[in-house]
Each structure stands twice: as structure tokens, then as C-alpha cells.
Amino acid sequence: MAAVLQMVEEWLTGSPVLPGFKEPIQGEPCDGAACYSLSRVYVASFLLHWGLFVLSLVLSPLLSKSYRALDFANKMYWHSCMVATFHATVSAYGAIYGLYFGPEFLEEGHTVGSSPIIDVTSIFSSGYFLYDLILLAVMAAQGHAIFQSTAMFLHHSIGSSIFLVSTHYKLSWCTGTFLATEITNPFTNLRFLFVYMNMRKSYLYVVNGVLLTIFYTIFRIIAIAYFWPVWLSDMPYVLSVNGWPMVSLAAFGTATGTFLNVMWFKKVMRGCLKVLSEGMGAKDD
């Protein structure tokens, strides 16, 4: 495993494979994430998520009786949930580590700065969003209602563009704050998987719902409520460093994300209250 990880790291530090990405300056010393070619991270992320989708296609029918009972659309959504859970876990970890535990990157007294860790995480997420947009488009075009979500198309389209472009600017605090909200998605995806496995009345389903509500409240409501006044108070300096076009795009994306967070929060709360009021029982089988 160590040898494989070393090979991957060596590949990621190679020459750019696509134009237009922020890349390490050849010949200059670098360390850790700052040495990675972001174009290689993007390609690797896109291929990795498709690879995980194929892996789920192969393993799920072998390991899950519940999966085999699903129709085609729900089987595809099952795989989508599996891959999304992996992406959300990696992205949330990268963003939270970059924001709170990584090297200091913010200019003193401001929300402006560039973090290599968050840049890599942003590009990793952009690769995932491209994979998922293709999956959503193909499945929605075939008439599968579960994939025909305007909010999800909007969320992924904005995310893929902003996270891709933002690495050229000093907006890591902004993008990192919103990438950290991905920490709620594993709980959301597990909810669907528990439903597919007839576990709506299990303790795991209830505990997952409560954890989803707690993490959603912390990262998508409280953290974002803190983000807006801080960022807006620093807006004159943010604009002077990053310029109107990019800040306008970032503001549009974060405002849209905030709206979607509030909209989905209502559903999360209703779902949590419903589960708690119904109580917990044994697994439905």
C-alpha cells in the first residue's frame, strides 16, 4: 500500500496534463500539497470517481440482497450515493484540515489567502462534480425522476465552476468554508441506503438522522451564518485583491449555496422530528 501511495504522489507531482490550471512553478521549492499539479489532481479525481462507480456496480449485486431487489434507476442512485459518500468524506476532511489544522494562510486581519491544501481539495471536488453532472445528465435524459433535481444540477454546476476557478485567487477561506459543509453528505447518503435496505425503523437509521441534523446545523447553518458577516465586513479588501469578476462569481455561488442549505435544512428538521416521534424499532425485514 505504501508503494502504491508513493507512486500516486509521484504521478501527482508530474508535469501539467491540461492547460488553464494553477500549477507549481518549475524549479521553485515546494512542500506537500503545494507540489501537486492541479490538472493531474482534476484528471485523477474524475477517473477515480468513475472507477468507484464501476466498483460499486460490480460489488453491490454480490454483497447486497437489498440492492438486487431495486429497479434500474434506484440501483444507479445507490451507486451514486456510494461514490458521493467517498467524495464528501475526503473533501470535508481536506477543507476542515486546511482551515483549522493546516499551515496559516490568511493575511493578518483578513479573510484573504491561498491554501495549497484547500486548492487541492477544491480541484478534487471539481473532478467529482464533473463526473456527477455527467451521470445526472444521462440518467435525467432517460426520464429517471430520482435524478431530475434542478437544485442538484444547480449545486453541482456552480460548485464545479467556482472550485475550479477559485484556485487562481486568494479565496481559500471562502471555498474551504463551503467545502467543509460536505461533512453532512455521508449521513444523507446513508439515509437513502438504509431506506433501500428496509432499515427505516432501525437504531442505525435514527442515530444517522440525529447525526445528520447535528452536523447540518453546525456546518451548514451556524458556520455559514458566521461566514457571511465576516466575509462582507472584509469585502473591500477581498475585492481589491481578487477583483470584481471572481468575487461576484464567488458571491453568487455562496449565496445560492446558502439558499439551498436553508431550503434543505427544513427537510432535514422535518425528517428528524418525524423519525424521533415515530420511535425506534427492530429492522424491517
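In this predicted model, helix H5 passes helix H7 in a left-handed crossing, a crossing being called left-handed if the near helix is turned anticlockwise from the far one by less than a right angle, and right-handed if clockwise. Helices here are DSSP runs (H or I, at least four residues) numbered from the N terminus. Helix H5 spans residues 116-141 and helix H7 residues 172-179, and the two pack at an angle of about 55 degrees with their axes 10 Å apart; the axes are lines fitted to C-alpha atoms over the stretch in contact, and angles run from 0 to 180 degrees between N-to-C directions. That angle makes H5 oblique to H7, since angles under 35 degrees count as roughly parallel, over 145 as roughly antiparallel, 65 to 115 as roughly perpendicular and the rest as oblique. The contact (heavy atoms within 4.5 Å) is made by Ile118, Asp119, Thr121, Ser122 and Ser125 of H5 together with Ser172, Thr175, Gly176 and Leu179 of H7. Sorted by class, this contact of H5 with H7 has two nonpolar, six polar and one charged residues.

Residues are numbered from 1 along each chain as its sequence is written, and side-chain values use heavy atoms, with hydrogens and water left out.

Aromatic pairs, in which the ring centres of Phe, Tyr or Trp (its six-membered ring) lie within 6.5 Å, are classed by their planes, under 30 degrees apart as stacked, over 60 as edge-to-face and the rest as tilted; by this rule the count comes to 22 pairs. The rings of Phe178 and Phe227 have centres 5.3 Å apart and planes at 90 degrees, so this pair is edge-to-face. Because Phe178 lies in helix H7 and Phe227 in helix H9 (residues 203-233), the pair ties together parts that are 49 residues apart in sequence. Both Phe178 and Phe227 are buried, a term that means under 20% relative accessible area, with exposed over 50% and partly exposed in between (1.4 Å probe, protein chains only).

Thr256, in helix H11 (residues 244-278), is likewise buried, with a relative accessible area of 11%. Lys22, by contrast, is placed in the loop between helix H1 (2-12) and helix H2 (38-63) and counts as partly exposed at 30% relative accessibility. Leaving aside residues up to four places away in sequence, Lys22 touches Leu38, Ser114, Asp119, Thr167 and His168.

Notes:
Predicted model: local features only at pLDDT ≥ 70, side-chain atom pairs only at ≥ 80, totals over all residues. Nonpolar A, V, L, I, M, F, W, Y, C, P; charged D, E, K, R; others polar.
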